[in-house]
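Trainee: I've got a model open and a list of things I'd like to ask about. Could we go through them one at a time?

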Amino acid sequence: MRIARFTTGEEPQYGVVTGDVDELGIPAEDARIVALAGDPLYVGVQLTDTETALADVRLLAPVLPRSKVVGIGRNYAKHAAEMGNDVPTEPLMFIKPNTSVVGPGDPVFYPRQSAEVHFEGELAVVIGRICRDVPRERVPDVVYGYTVGNDVTARDLQRSDVQFTRAKGFDSFCPLGPWIETELDTSDLAVTTHLNGDVKQDGRTKDMIFDVATLVAHVSAVMTLLPGDVILTGTPDGVGPMQVGDEVEVSVEGIGSLTNKVVSRE
Ligand code: MG
């Protein structure tokens, strides 16, 4: 099931996207969205009889993390190598504030403090239940679904600050979308990033050093996870800079594509 959050100009609401999708998760042109009553994370999926063509709605970030987005660094060996880093022996965690989240089609604002803003296409895990100390085998019970994320990073500030907070925490530095896929085998999915139509990242989740179950177990051993919290699972190799005016598209096989444009903050 594909859970989206959308607006037709009125208050945002949640919906289920129906219709065929291709192997990349791209819906057919006649796809529709059936509105839900309330937030399905809290009240479950309650279908209403309001249905709209998907093409006639504006999709929003499919989840508003109540407390946090947890990022995972260096979770693909080739990406760790291209950054000049060793592969970590346990998951490397950082936090992106929930105020960094934006949705499909929203601008990514290029901050005046940086001259080197990178894309990082990633599989994103959406937590469905309050949980802590989750054993690996119980992780499916606490995962609501999966979406696509772009862990936008001011690489120059990441280097100069050492701590990741500023480099990864600017407003609009966490595009999420286009929707949450609730049923997905994440063991071997293509993770692809295009910049202005050119392929920049072309990885597969099977190359993650720590898989989704290991990541959720490790993060939940440190901090309580709340419904709507998001874990970004790390980026494959091929990261690179974006400029004002660029269009960046991240795709995860079986979910869909997330496109954003880079806009000057001035
Ligand atoms: Mg990342």
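Trainee: Which strand is the place of Pro178?

Mentor: Keep in mind that this is a predicted model. Pro178 is joined to Gly177 by a cis peptide bond, with omega at about 5°. Most peptide bonds are trans. As for the strand that holds Pro178, look at residues 174-181, which is β14.

Trainee: Is Ser172, with its positive phi, buried or exposed?

Mentor: Ser172 isn't a glycine, yet its phi is positive at about 80°. The residue sits in the loop between α5 (165-169) and β14. Under 20% relative accessible area is the cut-off for buried. Because Ser172 has a relative accessible area of 3%, it counts as buried.

Trainee: And what does Arg74 count as?

Mentor: Arg74 is another non-glycine residue with a positive phi, near 55°. You'll find Arg74 in the loop between β6 and α2 (77-82). Its relative accessibility is 28%, so Arg74 counts as partly exposed.

Trainee: Which side chain has a polar contact with Thr153?

Mentor: Start with where Thr153 lies, in strand β13 (residues 153-154). Thr153 is buried, with a relative accessible area of 0%. Leaving aside neighbours within four places in sequence, its contacts include Glu116, His118, Gln158 and Phe173. The side chain joined to Thr153 by a polar contact of 2.8 Å is that of Lys168.

Trainee: How many residues of helix α6 are buried?

Mentor: Helix α6 covers residues 212-220. Among the buried ones are Val212, Leu215, Val216 and Val219. The elements covering them include β6 (69-73), β7 (92-96), β11 (121-127) and β17 (230-232).

Trainee: What is the area buried between domain 1 and domain 2?

Mentor: The domain assignment gives domain 1 as 2-60 and domain 2 as 69-264. Their C-alpha centres lie 23 Å apart, and the contact takes 17 residues from domain 1 and 19 residues from domain 2. Carbon and sulfur atoms give 61% of the buried area. The total comes to about 1,300 Å².

Trainee: Which three residues supply 41% of the area that domain 1 buries against domain 2?

Mentor: No other three residues of domain 1 supply more of that area. The trio is Arg2, Ile3 and Leu41.

Trainee: How many salt bridges does the rule find across the interface of domain 1 and domain 2?

Mentor: For the polar side of things, the rule finds two residue pairs in polar contact across this interface. On the side of domain 1 that touches domain 2, the elements giving two or more residues are β1 (2-7), α1 (40-43) and β5 (58-60). By class, that side has 13 nonpolar, one polar and three charged residues. The salt bridge count across the interface is one.

Trainee: Over the whole structure, how far apart in sequence are the parts that Arg32 and Glu51 tie together?

Mentor: A search of the whole structure finds 17 salt bridges. In the one between Arg32 and Glu51, the closest N and O atoms are 2.6 Å apart. Arg32 lies in strand β3 (residues 32-36) and Glu51 in strand β4 (residues 47-53), so the parts tied together are separated in sequence by 19 residues.

Trainee: What is the relative accessibility of Asp211, which pairs with Arg136?

Mentor: Asp211 and Arg136 form a salt bridge whose closest N and O atoms are 2.6 Å apart. The pair links distant parts of the chain, with Asp211 in the loop between β16 (198-204) and α6, and Arg136 in the loop between β11 and α3, 75 residues apart. Arg136 counts as partly exposed at 41%. Asp211 also counts as partly exposed, and its relative accessibility is 34%.

Trainee: Last one: which residue meets Arg204 in a salt bridge?

Mentor: The N to O distance in that salt bridge is 3.1 Å. Arg204 is in strand β16, and its partner is in the loop between β19 (247-252) and β20 (256-264), 49 residues apart. Arg204 is partly exposed, with a relative accessible area of 29%. The partner is Glu253.

Terms used: Residues are numbered from 1 along each chain as its sequence is written. This is a predicted model: local features need pLDDT of at least 70, side-chain atom pairs count only at pLDDT 80 or more; totals for chains, interfaces and linings use all residues. Side-chain values use heavy atoms; hydrogens and water are left out. Buried means under 20% relative accessible area, exposed over 50%, partly exposed in between (1.4 Å probe, protein chains only). Helices (H or I, at least four residues) and strands (E, at least two) are DSSP runs, numbered from the N terminus. Contact means heavy atoms within 4.5 Å. Domain bounds come from an automatic or database domain assignment. Buried area is the accessible area (1.4 Å probe) that two parts lose on being put together, summed over both. A salt bridge is a side-chain nitrogen of Lys or Arg within 4 Å of a carboxyl oxygen of Asp or Glu. A polar contact is a pair of N or O atoms within 3.5 Å; within protein, one must be able to donate a hydrogen and the other to accept it, and residues adjacent in sequence count only if both atoms are side-chain atoms. Ala, Val, Leu, Ile, Met, Phe, Trp, Tyr, Cys and Pro count as nonpolar, Asp, Glu, Lys and Arg as charged, and the others, Gly among them, as polar.
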